[in-house]
Amino acid sequence: MRYEAPETVDKAVALLASMGRKARVLAGGTDLLVQLRAGVVEPEMMIDIKKIAELRSIAREAGGFRIGAAVAGAEIREHADLRKAWPGICEAANLIGSTQIQGRASMGGNLCNASPAADSVPALIAAGAKVTVVGPAGRREVPVESIATGPGKTSLADGEFVVSFLLPPRPAHASDAYLRFIPRTEMDIAVVGAGVNVTLDAKGVVSAARVSLGAVAPTALVVEDAAKALIGTKGEAAALDALAKAASAACRPIDDKRGTKEFRIQVAGVIARRTAAKALERARKV
Amino acid sequence: MAEATTAPAKRKLKWVGKRAPRPDGVDKVTGRAKFGADLFMSGQLVGKVLRSTLPHARIKSIDISKALALPGVKAIVTRDDFQDMASEFVPAGEMMINYKDVVRNIMAREKVLYEGHPVAAVAATNAAVARQALKLIKVEYEVLPHVIDVDEAMKPGAPLLHEDMITQGVEPAPTKPSNVAKRVQFAVGDIEAGFKKADVIVEREYHTQPVHQGYIEPHACIASVSEDGQADLWVTTQGHYVVRAHCARLLGWDISKLRVTASEIGGGFGGKTVVYLEPVALALAKKAQRPVKMVMTREEVFRASGPAPGAWVKVKIGATKDGRITAAEATMAYQAGAFQGSPVQMGCMCAFAPYDLENVKTVGFDVVTNRPKVAAYRAPGAPISEYAVECALDELADQLKIDPLDLRLKNAAKEGTRAVYGPKFGPIGMVETLEAAKNHAHYTAKLGPNQGRGVASGFWFNIGGETCASINVNEDGTVSLIIGTPDIGGSRASHAQMTAESLGIDLSKVRTIIADTSMLGYTFLTGGSRATFAGGMAANQAAGDVIKQLCSRAAKIWEIPEDAVAYEDGFVKPAGANAGKFPALSIADIAKKAGKTGGPIVGHAQINAQGAGPSLGTHIVDVEVDKETGRVSVLRYTVIQDAGKAVHPSYVEGQFQGGAVQGIGWALSEEYIYGADGRMQNAGFLDYRMPVASDVPMIDTVIVEVPNPRHPYGVRGIGETPIVPPMAAIANAIGHALGTRLYELPMSPPKVLKAIGQNEAKGQGRGH
């Protein structure tokens, strides 16, 4: 197996294009190295993208933020402006693994590993984030929810990889939150995850909302009915109950080692409601 | 003539009871300590095991020719490399094993009996070649139907693991084979008459899941066999003498040919009392004529090394209105895994052991299923049956409106109580731990909404056994204590403390060394909470031997009779008529002249330690239940246990805390999840959920000391009892928080949420 660490996007694209599926892209490696060790993947080449500056930076852009795909969770945690504007995305990214793993784990890797339970993905989807994908045909910008197509599967074409995430500008009274249910307190994988992003008008009425659920379907879900339940309300108990109901109704989970179908559906509503309450509380303060 | 103490020391103790620094501590913290995988030998090969992916199949053929031809492959072993063995039961830890089964467990013969069962093993120049070679081994199977669940395995018509298994302990003997290896029964009094006297009877059924010991260090060893057949094995184990005995037997070697050294051990909890890789590594090393190192992956640890059994238990307890138990009965079936030998007998013996009862009956069934063979896990068998009994008792207390600790006090076993399994107890601390629980601030602290408190008690026998110790008095008067029990929980420290105490010298002058098997006589393993108990007894006796020799040497120096000297605080003094005639001699003074007075001074003891004393404990726990998700948080936890005498209180507390934490996992989150294909789905720490540090509160501890009169320092052994009460204490706490009870472990969020839903549907919620 060869290890390559190109310093430009173009070189990485060229390497990836030449190797096709025999190469794997290495960001933080917190999923890939585990899969390698378990013999799940046996690539001929690993292309480490951490040496590419564009993939490792957080920058202001068009009133929002651009976050490199290989930026580590710990770097996100330390970015005060980003944390203030997008607390939900930051708390989601910071849930990827333990403190040690946070030194490496990235949102790009979290997205491309395509686990339905990825923590940062529902938060990014709720935020309306876009991803920049690069490949032999150049760059394209697509919504986050278009990348994962099923467990372990993505819409990325051969030779493509994710470069960065673009978060939109923040109006006043807008914030987000991410919560998950895990049986333990740490070191666990979401049985249900919920990202909620809300914008309030001057009177405190919800003018825009997005709700996304993780781990309850083959990919993270955008739950429009749950968002609709909030819009036009001040987030009263009745609105939150309607949101919870819509969230449960949207679930298409499986019975597996991490939870039963019945349990996931019930708890998805609970977690969505708690997440929405937290996002609303934050939005009222900014 | 001075002798070391033989009855619990009444004098003021200088070292026993102190929190001295742990001699192996710094090396373990800095990474210098050498564990099972940390020894490297020149020319060493990597050994890997080919394991069955099927839960049950007949092996039609094994073709190793392609693998053997792969460059870098130096040896392959299969069933053909091990002699079949006759049926013979021998003790392994606190459990029994049968060599006919062990030889089949280390390498499948006629059939594979569980997913993970070894079929072949390869030694190659590196891990990549070894893994490639495993892929080249062709095994032809005839797939057989499998059975994973203990209830299913007992049904007529269930797939048979062993076609010749006739249930033992049943009269008349069954004519047909089954998966039930054995029926055991213990009974005293007349339970029918007892139940007739009862005002209230609680009868409940409980289910538990297998749980793994979860030692952080996987099984690992390195074996080397010289051209003339002298073999060395370095291994992480709780008992290297036991490993030596098993390996020599399985390989047909003389015991003297094999020297085994115990590495540092990263946890065992009973799971490192049996052999898996060790005989295979030795066989490979002999065949390859090169050292072979073998290390299990975590996945292999889960799929192929012993958990504690899962089980079902039915309990029936009757009592009068004032809380006196009139009769108690328990029936239980324990999964043995692929081969017979679950700890169900101990489950039956312990079930009601904390109580003084007139009419008791316990019946147990040992049942084989297509799972890895169970191994000992802290107090093997006891946590399961006692969980069921302690939960039923709690319901009884609720129904009688009696405080659960008062109910236990009313029925507590005391000195002189005859246990259901025969003997009368000596002094035991059941009443003392219950009273300490009642008086603890935790027991009366205020609870918030959705919170509940639970209590439960626990019993474990503790054991003695064959134990050797040597004390070498060095030329400068310092001493080396040589013992044969691997140090898992700080026993080097406790042994050094007891030796310093017995010799009356400074603790810094004693160094404890764990011998390899060539240095001391046979010493049974570290298990049964015996190491500090039995090792301390042997060390104390060896110290007595040293003192006798020191007195004799001093008498020789002074040219007075041996019985005219006395030993006190590390000095020999002239006594009686000679008192004050000569200046006292220190050990160093005598050691310096040892060459001229008869040669080196070495004290020995080789004993079969008798008089182990049971340890009883009572736990208090507070939980909070998230009623919307079923998630249970443990808020506060207090362990109260009788240690006899805590030689090193910090390590006693550590054992209490560790047992409670493992019990929290057993109660709330740990379980083996099997698919319909008979394969384990959660063979890793991500989905086999042991508690992490943030899942548990600081575990508070109270050490009760009711000395064991048969030990020189009053020691009982404390390592196992702490895992007995947690499951029931937590179940009882959840019951009180919810106003409804769960009867199945683990009490994971989906089960708790379902119980909440059912309870609300019944409209009977009555939270406390």
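Predicted model: local features only at pLDDT ≥ 70, side-chain atom pairs only at ≥ 80, totals over all residues.

## Helix pair in chain B

The contact (heavy atoms within 4.5 Å) is made by B:Val243, B:Cys247, B:Leu250 and B:Leu251 of α7(B), and by B:Glu278, B:Pro279, B:Leu282 and B:Ala283 of α8(B). Helices (H or I, at least four residues) and strands (E, at least two) are DSSP runs, numbered from the N terminus.

The axes of α7(B) and α8(B), the latter spanning residues 278–288, are 9 Å apart and meet at an angle of about 55°. Axes are lines fitted to C-alpha atoms over the stretch in contact, and angles run from 0 to 180 degrees between N-to-C directions.

## B:Gln238

B:Gln238 sits in the loop between β13 (231–235) and α7 (240–251) of chain B. B:Gln238 is buried, at 3% relative accessible area (buried is under 20%, exposed over 50%, with a 1.4 Å probe and protein chains only).

Its side chain reaches the backbone nitrogen of B:Gly271 at 3.4 Å. Beyond neighbours within four places in sequence, the contacts of B:Gln238 include B:Phe269, B:Pro486, B:Ile488 and B:Leu525.

## Domains and conventions

Chain A is divided into domain 1 (1–48) and domain 2 (174–285), with bounds from an automatic or database domain assignment. Their C-alpha centres lie 35 Å apart.

Residues are numbered from 1 along each chain as its sequence is written, and chains are lettered from A and ligands numbered from 1 in the order in which they are written. Local features need pLDDT of at least 70, side-chain atom pairs count only at pLDDT 80 or more, and totals for chains, interfaces and linings use all residues, while side-chain values use heavy atoms, leaving out hydrogens and water.

Notes:
Polar contact = N/O pair within 3.5 Å; in protein donor to acceptor, adjacent residues only side chain to side chain.
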